[in-house]
Amino acid sequence: MTHTTLAKPLLCIAHRGGSQQFSENTLAAFEESLNIGVDAIELDVWNLGGELLIAHDRRLGKTLPGGGRLIDQQPHQLKELILACGNRIASLTEALQLIGDRATLNIELKSPDCAELVAATLESFVRDSGLGFDQYVVSSFDHPQLYRFKQRLPQVKRGILVEGIPLHYAAGFDELDAYTFHPSINFINAELVNDAHRRGYKVWVYTVNEEDDMQLMSELGVDGIFTDYPKRLMTLNAQCC
Ligand code: G3P
Ligand code: MG
């Protein structure tokens, strides 16, 4: 029985797929989150030897078995690995096909050189599937790379990831012409949220897992949260207002 009440519903973004049963960033995790009706799915993408594969860590050893730097691995070897949940590493194309238009998809550019390949992949997927670009948001902590993505495929929305509190809050990002501003819960405050809103951004905060923090985010007027526990947020959203 929860006593937490949200001031307003929050967009539910399944962080790394948000699964409670499957390894993060897998197709099985995405399917589980789609089945419970999340608003959006977030995944992390790397350009590994010319293939876009979905993973978070820069080294093997946590979700991917083995050791060493992810960037040093051959894509065909990575695709042979069996993860703890029994699934394999997925490609961006497989995720695009699975998700279709069932949810918003936030693609986080993780590796240093993936903007061009992500743009080309999205472009050809949208052309072949007949879907639009509207359900995609491409984000990154690597702002120069996000800028290159904007130049290559401006019709896809962009999200600005920040870790701390920038000196001038949400100012200074105008050239990215972004849709969303993605600050960390570890550095959130009302000034940052309000400044981002004043500048026309929606505010999506990562990574919010506990109910009291979900309540705080709704009180701060945040628009959406990345969570590893999407069901938890969806229950609160359903009880709200
Ligand atoms: O995109 C939000 C969040 O995923 C950013 O941090 O390290 O979980 O990719 P990380
Ligand atoms: Mg991420």
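## Around T26

Leave out the neighbours within four places in sequence, and T26 is in contact with L83, C85, N87 and R88. Keep in mind that this is a predicted model. T26 sits in a loop, the one that runs between β1 (11–14) and α1 (27–36). Is T26 buried or exposed? It counts as buried, because its relative accessibility is 0%, and the cut-off for buried is under 20%.

## The magnesium site

Now for the metal. Three side chains coordinate the magnesium ion (ligand 2): E42 and E108 through OE, and D44 through OD. The distances come out at 2.0 to 2.1 Å. Along the sequence, the donor residues follow the spacing E-x1-D-x63-E.

## The largest pocket

The largest pocket has a volume of about 170 Å³. Its lining is made up of 16 residues, and the ones closest to the centre are H15, E108, K110, F141 and Y206. E108 turns up here as well as at the magnesium ion (ligand 2).

What is the lining made of, in terms of nonpolar, polar and charged residues? Four are nonpolar, six are polar and six are charged. As for strands, β2 (40–48) supplies at least two residues of that lining, and β4 (104–109) also supplies at least two.

Conventions. Residues numbered from 1 in each chain as written. Chains lettered and ligands numbered in written order. Predicted model: local features only at pLDDT ≥ 70, side-chain atom pairs only at ≥ 80, totals over all residues. Heavy atoms only, no water. 1 Å grid on protein atoms, 1.4 Å probe; cavity = no way out; pocket = protein on both sides within 12 Å on 5 of 7 lines; lining within 4 Å. Points joined across faces, edges and corners; volume = space filled by probe spheres on them. Helix = DSSP H or I, 4+ residues; strand = E, 2+ residues; numbered from the N terminus. Nonpolar A, V, L, I, M, F, W, Y, C, P; charged D, E, K, R; others polar. Donors = N, O, S within 2.8 Å, 3.2 Å for Na, K, Ca; no water. Buried < 20%, exposed > 50% of the residue type's maximum accessible area, 1.4 Å probe, protein only. Contact = heavy atoms within 4.5 Å.
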